[in-house]
Amino acid sequence: MDSTVVASDAHTTETVYVGAGRGGVVKKQMTPESIRGNQHLEELFQRVNALLGDRGDEEAPFTPKVPETLEQMGLCEDDVQKLVLKFLLQKGSALGREISSQVKIPFSIVFPLLKAWKNDQLVSYRAAGEMGDYVFAIVESGRERARKFNEECSYFGSAPVGLAEYLKAMEMQTIAGKEATEEDLKQAFSDLLISELMFERLGPAINSGRGMFLFGEPGNGKTSIAERITRCFGDNVWIPRTLGIDGDIIRLFDPGVHDEIRNDDEGGLFDLSGVDPRWVQIRRPTVIAGGELTMNELEVTQNPVTKICEAPLQLKSNCGTLVIDDFGRQTMPVDVLLNRWIVPLEKRYDFLNLPSGKKVQVPFDQLIIFSTNLEPKDLVDGAFLRRIPYKIEVPDPSREHFSKLFEIMAPKLGLIYEQKSVDYLIETHYLPKNRPFRNCQPRDLLLQVRNYCIYKKQPKIVTNSAFDFAVDTYFSMM
């Protein structure tokens, strides 16, 4: 068939030779609207090809593909039945697509199972739904079975992902192969005032993919620096919502520490994302544990009532950063905590003890940062320090740096900046008393200045008298 296009006036029509019929050449007049429609179809076909994996020679980033069978999911019918019946035990009845959305299994897989369980008299049809769906209600025999399942484990959320599949995903998304350039660092720290010397020290340490100590006086921004290090790597990662290991359900996705990336293509009646809904896309994680850290948070813990397991912090931080803040102030002895990390830091893998008694090997694939106000050599021995190759001091700011922080923070707090008042503050309240500069003090003092101006109904201007008041209250016990 011919497809020759003869150009004509773009504002009227185009003549397209589409073939030959019995009466001769067949012509078709195409309007600009129909041409745009064809372009829309072409874009749709390109999108479909992309979902089907046709990416040419490009190396595609890891994306969990939507499964077509239970075998591809690494599940059996009993696994799905446990989740569905426990959900219906709580809900009573639900549409097939609602059940599919709850357990994160494609409707094309769940629906035939629901019909089979209807024949087994575990569920029944309560009403007809849209587009061939039904409202499924649990019956007494199904309730009895669901109660037994509940005694084993009350979880009825997303179907779990197997350990082998998780290990493969972590290998493809590892942080060890990532590189951060000087430009990456400056972009990640664009909202902080960082000296060039600090950039020179941080860059190689971040690229090492191993551990580092950040030490220095309190208030100089160690935690703020640690929180932004993960941004240097830029991209996002996919993690399972839950892991299934030999019958144990381990919750991995934690909204409290993971920042989910929501996609408008996901969910709804027709999910065109092509992504396995058991997985969730997040920003590379930054998990922070402070002085409240206990040994239980570094192991798989099981709720004794629900029998649901929670992943340890190092598993939640894989492909990102784990920050041990206020290191040395934990309730557990420092030696106990350090001994827990020696093998993972050296080998880049960890062993987890499951409630079933089984021990499994998992990746220890994160940049671990120990942030402390104490000297590292006073906390740990040489054997451990050798495994943390970078020890970076976060020093007190210079006078120039200190003044610049006031200039940056004042307008953010709605204050009019006055350099002469900042000079007055330094020469009156800092230099004569040998009071050290701290990076947190400009923000803290300016907040007190703003509150002082509001109380006095004065213009929000940085003045000498306002600084006198702020210093008197801020340093009263320091």
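User: Where do I start: how many helices and strands does the protein have?

Analyst: Start with the inventory. In this predicted model, the secondary structure comes to 18 helices and 20 strands. The protein has 478 residues, and buried ones make up 42% of them.

User: What share of the contacts between residues at least 6 apart in sequence join residues at least 24 apart?

Analyst: That share tells you how far along the chain the contacts reach. Here 69% of those contacts join residues at least 24 apart.

User: Now the helix pairs. At what angle do α4 and α5 pack?

Analyst: For a helix pair, read the angle and the axis distance together. α4 and α5 pack at about 120°, and their axes are 9 Å apart. Angles of 65 to 115 degrees count as roughly perpendicular, so α4 is oblique to α5. The crossing of α4 past α5 is right-handed.

User: Which residues make that contact between α4 and α5?

Analyst: From α4 come G96, R97, I99, S100 and V103, and from α5 come F107, V110 and L114. By class, the residues in the contact of α4 with α5 are 5 nonpolar, 2 polar and 1 charged.

User: How do the axes of α3 and α5 cross?

Analyst: They cross at roughly 80° and come within 11 Å. α3 and α5 are therefore roughly perpendicular to each other. On the α3 side the contact uses E77, V80, Q81 and V84, and on the α5 side L113, L114 and W117. The contact of α3 with α5 divides into 5 nonpolar, 1 polar and 1 charged residues.

User: And what about α3 with α6: at what angle do their axes cross?

Analyst: The axes of α3 and α6 cross at roughly 110° and come within 9 Å, which makes α3 roughly perpendicular to α6. Q81, K82, L85, K86, L89 and Q90 of α3 meet G142, R143, R145, A146, R147, F149, N150 and E152 of α6. This time the classes of the α3 and α6 contact are 4 nonpolar, 4 polar and 6 charged.

User: Let's turn to backbone angles. What is phi of K104?

Analyst: For K104, phi is near 60°. K104 lies in the loop between α4 and α5, and it counts as partly exposed because its relative accessibility is 22%. K307 also has a positive phi, of about 65°, although it is not a glycine. K307 sits in the loop between β14 (301–302) and β15 (309–310) and is partly exposed, at 29% relative accessible area.

User: Finally, which residues does the loop residue R210 touch, not counting those up to four places away in sequence?

Analyst: For a loop residue, look at both place and partners. R210 lies in the loop between α9 (196–207) and β8 (212–215), and it is partly exposed at 33% relative accessible area. R210 touches R348, L367, I368, R387 and P389. The C-alpha atoms of R210 and L367 are separated by 5.3 Å, although the two residues are 157 residues apart along the chain.

User: Where does P395 lie?

Analyst: P395 is in the loop between β20 (390–393) and α15 (399–412). At 40% relative accessibility, P395 is partly exposed. Not counting residues up to four places away in sequence, P395 touches M198, N220 and N439. F215 lies 180 residues from P395 along the chain, and their C-alpha atoms are separated by 8.5 Å.

Note on methods. Residues numbered from 1 in each chain as written. Predicted model: local features only at pLDDT ≥ 70, side-chain atom pairs only at ≥ 80, totals over all residues. Heavy atoms only, no water. Axes fitted to C-alpha atoms, helices over the stretch in contact; angles between N-to-C directions. Helix = DSSP H or I, 4+ residues; strand = E, 2+ residues; numbered from the N terminus. Parallel < 35°, antiparallel > 145°, perpendicular 65-115°, else oblique. Left-handed = near helix turned anticlockwise from the far one by under 90°. Contact = heavy atoms within 4.5 Å. Nonpolar A, V, L, I, M, F, W, Y, C, P; charged D, E, K, R; others polar. Buried < 20%, exposed > 50% of the residue type's maximum accessible area, 1.4 Å probe, protein only.
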